[in-house]
Amino acid sequence: MRMSKLFVQTLREFPSDAEVISHKLLVRAGYIRKLAMGVYNYLPLMWRVLKKVENIVREEMDNAGAQELLMPFVQPKELWEESGRWGAYGGELMRLTDRHGREMCLGPTHEEIITAIARDGLKSYKQLPVNLYQIQSKFRDERRPRFGLLRGREFIMKDAYSFDTSQEGLDKEYQNMWNAYTRIFKRCGLDTKAVQSDSGAIGGKVSHEFMVITDTDAGENDVFYCDCGYAANSNHAISVLPAGANVTGNWQTPQIIDTPNTHSIEELCDFLHIEPTIIVKSLVYIVDKNPVIALIRADKNVEETKLLNAIGGNEIRIAVAAEIEDIMVQNGFNADKGFIGPNGLKEYNGVPIKFVADKTVTDMKNFVIGINQKDKHGVGYNWGSEVDLPQTVTDVRLVEAGELCPDCGKPLKVTRGIEVGNIFQLGTKYSEPMNAVYTDIDGKTKPYIMGCYGIGISRTAAAAVEAHHDENGIKWPLGIAPYHAVVIPVSTKDELQMKVAEDIYKTLIKHGVEAVIDDRDERAGVKFKDADLIGFPYRITVGKGITDGLVEFKVRETNEISDIKPEEAAEIIITAVTNLK
Ligand code: ATP
Ligand code: MG
């Protein structure tokens, strides 16, 4: 490819709406252009990267025994009603109606469609197991599309679905996919950590996410991990609390005391000269439209996904001040935030209030708790006497670094991660409601035992930029770079430089290297800047040194520069590219 012909416009400045480096660099280096919120054009350089990622995924999936197909982007409502997700999937599901009034949706994922395909074709145990996959655009009307390709609304995903006759079969395929994922991300130049995760809207019990570890904002997930191997997303992590916290208050008799202006736990602790470990905190949430109050030891925080799982439902959020006020008024109180407690709270807009207690509250004694009276708290309270322990007692606590590993007891560490892939054991979550069955060896019909396995193709490419860049631009891993190398003649007017550059370029191409020659009549500095920004893994510069038979060879990953012979430089690149295969 000749740089003079390459369709790319690099920008001088970073785009103003970009927060994370991959978004900034991919726009500035001319890879993507925004069309609408969370919807991007993939320009030629980007498309080459995406095809590389796709091809790595395709090769590894095929090698792992999966078969590729392609399902439609638009899906009919009926199948989603069969699975029960038409009502259950939240605002991310983009629904539309055709001219005949039929309801459809843009596929955010394809479990329903693939399950319908399987039930039409896989009728006997003899045809199983099977793993089918596609690489396809998805649409999710994300609440907060941001970070460019990392969280788009339209994005490219590889999604695979396996069908087995037994849990053992599924376990085996799960491991098979795990191994394939490990190879895929390695070939994409990414170090990943597989972590236990919540299964979210996809469903099922066992699931792991493949995380690219980062210390930047681009890592939207907190990952807790331990040297022993334990690793989990914060939405799923559990921990053992270090022993020794004082959870018993000094009041021997229950009483109501004045606690003026103590709107926060800190203010309450200061006022009473106590530790938060003897305060029961009451937090009001709205799950879909229903009120939920979570009780937890006040030095700890609630993990919303865990709370949602404890209650059941689709969307959870903390209640706003106006809702808390309404709840108070409707139950005959006038307290505000800071004084809320379970006693006497019954319903909200006619819906009974649900209570969930985190396990941390169960061994607390003579504790402090809100009683829905402004500027007052109950102290010396105990479960079963002054206040009832809710029926639902479970772990809804957000794990914190330093708490102890549930497997080995050592302190947990925390880091941030970008989820690039996710594998799930679905079991019969879709096959049962959709009556997707096969006839087993014993003549009985049984639902398939399913698994599903996703990789964000576009997110993986962006994550690679997060992991490989410097202040001058992208440093593509060789396996997914749009082009492997750029050849830069310093002066296009210099005949010798041009001839050597053209020769090197042709040699590279002949040996399967995807090369660009920067034939533009531009200053060398401009060409170097663009080369660094675009992120070619190798750069060969043909300048004055060529009169001594030398070119300048630069490796973008390390920024190391050396003066070597043209054929040596070409040889290094050809060998590296050949070794990719
Ligand atoms: P997240 O928690 O980040 O919203 P998810 O867990 O809902 O993602 P999955 O349903 O597991 O996503 O989808 C499989 C893969 O698709 C994810 O691992 C991720 O790489 C990719 N992906 C999901 N949502 C997006 C998005 N909005 N933009 C880009 N890639 C995405
Ligand atoms: Mg996921």
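Me: What is the relative accessible area of Arg-187, and which class does that put it in?

Reply: The classes are buried (under 20% relative accessible area), exposed (over 50%) and partly exposed in between, with a 1.4 Å probe and protein chains only. Arg-187 has a value of 27% and is partly exposed. Glu-60, at 7%, is buried. This is a predicted model in which local features need pLDDT of at least 70 and side-chain atom pairs count only at pLDDT 80 or more, while totals for chains, interfaces and linings use all residues; side-chain values use heavy atoms, leaving out hydrogens and water. Residues are numbered from 1 along each chain as its sequence is written, chains are lettered from A and ligands numbered from 1 in the order in which they are written.

Me: What joins the side chains of Glu-60 and Arg-187?

Reply: Side chains of opposite charge can pair when their charged atoms come close. A salt bridge needs a side-chain nitrogen of Lys or Arg within 4 Å of a carboxyl oxygen of Asp or Glu. Glu-60 and Arg-187 form one, at 2.9 Å from N to O. The two residues are 127 apart: Glu-60 is in helix H2 (residues 44-63) and Arg-187 in helix H6 (residues 167-187). Helices (H or I, at least four residues) and strands (E, at least two) are DSSP runs numbered from the N terminus.

Me: Which parts of the chain does the pair of Arg-416 and Asp-217 tie together?

Reply: The salt bridge of Arg-416 and Asp-217 has an N to O distance of 3.4 Å. Arg-416 belongs to strand S23 (residues 413-427) and Asp-217 to the loop between strand S10 (207-214) and strand S11 (221-225), so parts 199 residues apart in sequence are tied together. Arg-416 is partly exposed at 31%, whereas Asp-217 is exposed at 51%. Elsewhere, Glu-59, Glu-60, Arg-183 and Arg-187 are joined into one network by salt bridges that share partners.

Me: How many salt bridges does a search of the whole structure find?

Reply: The count is 41. One of them pairs Arg-2 with Asp-519, with the closest N and O atoms 3.7 Å apart. Arg-2 lies in the segment before helix H1 (21-28) and Asp-519 in the loop between strand S30 (515-517) and helix H12 (524-534), so the bridge connects parts 517 residues apart in sequence. Arg-2 is partly exposed, at 29%; Asp-519 is buried, at 17%.

Me: Which side chain of opposite charge is nearest to Asp-358?

Reply: Lys and Arg count as positive, Asp and Glu as negative; His and the chain ends are not counted. The nearest to Asp-358 is Arg-397, 4.3 Å away, and the buried Asp-358 has no salt bridge. Asp-358 sits in strand S19 (residues 354-358). Its side chain makes a polar contact with that of Thr-360, at 2.6 Å. A polar contact is a pair of N or O atoms within 3.5 Å; within protein, one must be able to donate a hydrogen and the other to accept it, and residues adjacent in sequence count only if both atoms are side-chain atoms. Beyond four places in sequence, the residues in contact (heavy atoms within 4.5 Å) with Asp-358 include Leu-295, Val-393 and Arg-397.

Me: Which residues coordinate the magnesium ion?

Reply: Donors are N, O and S atoms within 2.8 Å of the metal (3.2 Å for Na, K and Ca); water is not among the atoms, so sites may look incomplete. Glu-419 (OE) and Asn-422 (OD1) coordinate the magnesium ion, ligand 2, at 2.1 to 2.2 Å. Asn-422 is buried, at 8%, and an N or O atom of its side chain is 2.9 Å from an oxygen atom of ligand 1.
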